Each structure stands twice: as C-alpha cells, then as structure tokens.
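Here's a quick briefing to read alongside the fold. Have the sequence handy and follow the strands as we go.

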Amino acid sequence: MKVSYDAGKTWSPAPVTTTHGNRALTLTHPENARSVSLKSTLTDTTGNTYAVTILKAYLLT
C-alpha cells in the first residue's frame, strides 16, 4: 500500500498490519495535508491482480 498527501504527485509506503487475519492501515497525516490518496495492488488466491489508485480518497479539511 502507498499513500500520497499531495494528490498523487509523490507516494510513500504505508505498511499494512495483520492481526488475527484482520488487516489495518494506520496513517499519521502531515500537518499541511489537505487530502489522502491511496494506491495498492491486490492479488487473490489464484494469482489474479488488480491495481487501484484512489486520488483524494478522503479530505482532511
């Protein structure tokens, strides 16, 4: 998983944790961030993949 705080201009790793089969993402937003964008590649158990990018997934202001 990757995260962007500038509408996708730059991306940083966003580690996903797994506890008892449940996945979670914890983000700490920079003070000047106005939105959060997310990017990931998903793979199912048979090897099919899906790449997704959500620009401005949610707003912070």
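What is the mean pLDDT of the protein chain, and what share of its residues reach 70 or more? The mean is 96, and 100% of the residues get to 70 or more; pLDDT is the predictor's confidence in each residue, from 0 to 100. This is a predicted model, where local features need pLDDT of at least 70 and side-chain atom pairs count only at pLDDT 80 or more, while totals for chains, interfaces and linings use all residues. Numbering starts from 1 along each chain as its sequence is written, and side-chain values use heavy atoms, with hydrogens and water left out.

**Confidence by element**
- Strands here are DSSP runs (E, at least two residues), numbered from the N terminus.

**The four-stranded sheet**
- An open sheet of 4 strands runs in the order β2-β1-β5-β6, with antiparallel pairing.
- Its edge strands are β2 (12–13) and β6, each of which pairs on one side only.
- Two strands count as paired if DSSP finds at least two bridges between them.
- β1 (residues 2–4) and β2 are antiparallel, with 2 bridges, and V3 has S12 in β2 as its bridge partner.
- On to β5 (residues 35–43): β1 pairs with this strand over 3 bridges, again in the antiparallel sense, and K2 has K39 as its bridge partner there.
- β5 also pairs with β6 (residues 49–59), antiparallel and over 8 bridges; in this pair, L42 stands opposite Y50.
- The hairpin of β5 and β6 has 5 residues between the strands, and G47 takes a positive phi near 95°.

**The β3–β4 hairpin**
- β3 (residues 16–19) and β4 (residues 22–25) run antiparallel, joined by 4 bridges.
- T17 in this pair has A24 in β4 as its bridge partner.
- There are 2 residues between β3 and β4 in the hairpin, and H20 in the turn has a positive phi of about 55°.

**A look at S35**
- S35 is buried, because its relative accessible area is 5%, and buried means under 20% (exposed is over 50%, partly exposed in between; 1.4 Å probe, protein chains only).
- Leaving aside residues up to four places away in sequence, S35 touches S4, Y5, A7, K56, Y58, L59 and L60, where contact means heavy atoms within 4.5 Å.
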